[in-house]
Amino acid sequence: MIVNILQSVADGALMGCVYALIALGLSLIFGVLNIVNFAHGDFVMLSMYLTFWASTYLSLDAVFTPLITIPLLFGLGVLIYYSIIQKTLRERFVVQVAVTVGLMTFLRAFAQLVWEARPRALKFSIIQGNFPLGPFTVLLSRLISASLSIVAVVAVAMFLKYSWLGRSIRAASDDADAASLMGVNIRWTYAFAFAMGSALTALAGGLLMTFQQVDPTMGLRFGLLSWCILALSGLGSISGLLISGVIVGVAEALTVAYWEPRARSLIVYLIFVVILWLRPRGLFGRK
Amino acid sequence: MSRSRLVLVLMLGLLVVVSGVFAAPKQLVVGCLEPLTGSYAVFGTEAKIGMEIAIQHINAAGGIKSLGGATLKLVAEDCGESPDTAKLSAESLISKNKPVAILGLYISRLTIPVSEVTDRNKVILVADALADNLTQIGRRYLFRPSANAGQYGASAVEFVVDIAKKKGVAVNRVAIINEDSSFGHSVAMGAVNAALKNKLTIVYQKEYPYDLSDATAIVSDIVAAKPDVVFHCPYFMDAILFAKTIREGGRIPKFVAGMGACGYADANSIESMGDTDNFYTNTYGYNPEKDNAANKKFVADFKAKTGHIPSDAPGMNYYAMWVLKEALELSGKLFPKDPLKPDNLREAFLKLEITSGPAVDTFPSASIRFNSTGDNPDAKAVVMQVLDGQTRVVWPFETAQAQAVFPRPDASKY
């Protein structure tokens with residue numbers, strides 16, 4: 001029994017690292033632009049389809065497709081920022097919500113039009129496999145996906161901390177007017193943050209496709225999960241995001257295995273509500 | 001009456017007679033209510049193609065002869081994926097097009113609320129949704145030609161018991177898992193009853209939502225319970241997720257038998273999973289390998305349109321349309337004055353005894369008739385297995401087109 005529980009904890013923790021990577025993109029967009037992007041999960045869905053496409057037509061393994069999909073999603077992020085998001089930054093909250101919900105619906109309809117409603121999956125990935133670790137079985141695809149997610153999250157943290165552009169993003173996040181007076185190009189910084197948030201979903205999409213399938217409606221779930229992780233973590237702490245992702249992943253896995261699979265969302269959103277109630281700025285938030 | 005008036009009246013009379021003689025046969029509208037967008041669109045779009053081909057074949061064969069060669073016309077409406085959108089689309093379809101009958105829905109939880117709308121409007125609903133309780137809620141105008149969900153579950157167990165006996169393989173411990181829709185629940189209950197009847201020990205049982213994002217926890221639990229065979233009723237995306245997770249984990253049971261598991265044995269799943277899909281079985285309410293001209297014609301036409309053989313949803317709707325055709329024929333004979341009156345058409349459905357023709361040629365068993373609840377007591381399911389990228393009928397043995405592979409060659413010890 002203990003072995004089974006620990007196995008579920010490990011499985012959930014590995015999945016949680018990928019969730020954290022998805023939530024990092026959302027955190028960047030929300031933290032810097034202060035915009036509630038309801039379409040974030042659908043960027044993950046789109047990335048998974050692009051992974052499927054790149055893998056099928058270019059014979060690339062899913063794990064290598066981010067080399068192509070990251071620039072694509074970055075470019076798409078810039079395009080969407082300048083064509084849609086920028087115009088809503090000074091609008092009321094309800095306008096921002098309407099725009100991102102519209103974008104979410106558009107991306108879903110677009111995916112259904114291009115790839116049809118049926119789920120798509122890749123037949124094989126070089127990172128599929130397993131190895132025994134004592135009484136446990138470790139799935140290679142989950143382990144490598146979690147490891148790459150952690151590497152990406154740490155790399156983004158370093159970028160934000162040490163690069164000039166990263167410091168600009170943090171400055172714009174703290175006080176856009178003061179950052180502007182210090183010579184930061186706010187418009188470009190915002191565009192870069194939005195594009196970077198979108199590009200991170202390309203990596204997550206590539207990793208998810210090594211062991212999952214994609215269908216046009218699955219974006220909503222990733223979007224809502226990201227919001228829960230962000231609320232749990234709070235803004236400004238990247239290690240907090242990782243820990244929160246792991247908490248959500250483990251809570252989900254234990255609920256599915258030992259209580260009731262249908263209650264997995266209940267538990268995740270219960271955590272969300274309790275954190276908002278007891279600690280509105282999140283467990284690790286700095287503002 | 002002046003002479004000119006007399007000529008005019010005679011000419012008008014002649015015109016009426018001539019127009020009666022040369023009038024084009026009537027066109028009857030049949031409604032298609034299927035999920036054409038959203039998560040279930042994968043089933044709905046193919047179901048619609050099945051109906052379209054059936055209507056082409058019926059019209060090409062002379063339409064409804066007892067109704068003067070009336071042809072059928074399909075009007076499709078997207079029922080979406082929620083009960084509310086399904087009810088609205090049913091109301092819209094009925095009020096705008098006045099169909100003689102509606103076919104479809106596929107999803108049981110959408111069919112139940114829509115059947116309230118069709119019953120209220122006295123419109124025949126020929127359902128392709130399979131939850132057992134669908135025909136137990138007192139709907140007067142609902143008919144279901146195919147086997148129900150419980151029969152799907154029971155058939156999967158009976159197949160495993162039969163093949164294990166034939167191959168001399170011991171099967172005692174079984175796991176039963178299903179997605180948590182009313183269909184999945186009914187299938188699992190059918191499997192549970194059949195397992196207990198066959199003295200199998202159920203060592204693990206679980207229901208889960210089909211949009212599960214990770215199956216690792218459940219697969220680990222199944223492995224820990226050490227079943228010989230896993231009976232599984234998934235939808236589409238969860239079937240892919242489970243099959244991939246079981247394979248990657250490397251601890252593969254003697255057999256995984258799908259039940260109502262389109263995601264395991266449909267052409268689309270084979271395309272998505274490749275080798276991973278090999279040896280999975282599924283129960284079907286349609287037999288694409290039934291060896292007769294009518295079935296071959298349907299399979300060929302469907303393949304020409306989609307590139308693959310028809311699965312459950314298009315198959316069930318193909319023969320359902322032919323069942324409607326037979327009911328209209330019978331209603332035309334029994335009630336020549338008002339064959340389309342809903343109660344007359346319902347009466348015709350209840351009096352049907354179809355034992356020949358395309359409806360039965362494409363049906364898994366030898367006859368189609370309806371009891372007072374709208375179910376077909378003669379309905380049966382077949383089992384198909386994925387063998388080298390093709391789905392082949394492997395059970396019942398007397399209609400099998402290929403030998404089942406059992407147990408799985410890649411099965412491992414736990």
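## A β-α-β unit in chain B

Strand 1 of chain B, helix 2 of chain B (residues 41-60) and strand 2 of chain B form a β-α-β unit, and its hand is right-handed. The model that shows this unit is predicted. Strand 1 of chain B covers residues 27-34, and strand 2 of chain B covers residues 71-78. The two strands pair in the parallel sense. Their pairing runs over 8 bridges. One facing pair can be named: V29(B) stands opposite K73(B), a residue of strand 2 of chain B.

## Chain B overall

Chain B has a secondary structure of 14 helices and 12 strands. Along the principal axes, the C-alpha atoms of chain B fill a box of roughly 100 × 40 × 35 Å.

Burial comes next. Of the 414 residues of chain B, 58% count as buried. Contacts can also be split by sequence separation. Take the contacts in chain B between residues at least 6 apart in sequence: 68% of them join residues at least 24 apart.

## A site in helix 11 of chain B

K305(B) is placed in helix 11 of chain B, which spans residues 293-306. Is this lysine buried, exposed or partly exposed? K305(B) has 15 other C-beta atoms within 10 Å. A buried residue needs 20 or more, and an exposed one has 12 or fewer, so K305(B) counts as partly exposed.

I53(B) is 252 residues away in sequence. In space, the C-alpha atoms of K305(B) and I53(B) are 9.6 Å apart.

## Chain A overall

Chain A has 11 helices and 4 strands. Its radius of gyration is 19 Å, close to the 19 Å from the globule rule for 287 residues, so chain A is as compact as a globular protein of that length. The C-alpha atoms of chain A fill a box of roughly 60 × 45 × 35 Å along the principal axes.

Of the 287 residues of chain A, 53% count as buried. Among the contacts in chain A with a separation of 6 or more, 77% come from residues 24 or more positions apart.

## Where chain A meets chain B

How many residues does each chain bring to the contact? Chain A brings 31 residues, and chain B brings 36 residues. Five elements of chain A give two or more residues each: helix 1 (2-33), strand 1 (120-121), strand 3 (136-139), helix 5 (140-162) and helix 10 (238-258). Helix 1 of chain A gives the most, with 5 residues.

Notes:
Residues numbered from 1 in each chain as written. Chains lettered and ligands numbered in written order. Predicted model: local features only at pLDDT ≥ 70, side-chain atom pairs only at ≥ 80, totals over all residues. Contact = placed C-beta atoms within 7 Å. Rg over C-alpha atoms; globule rule 2.2 N^0.38 Å. Pairing = 2+ DSSP bridges. Right-handed = clockwise from strand over helix to strand, strands pointing away.
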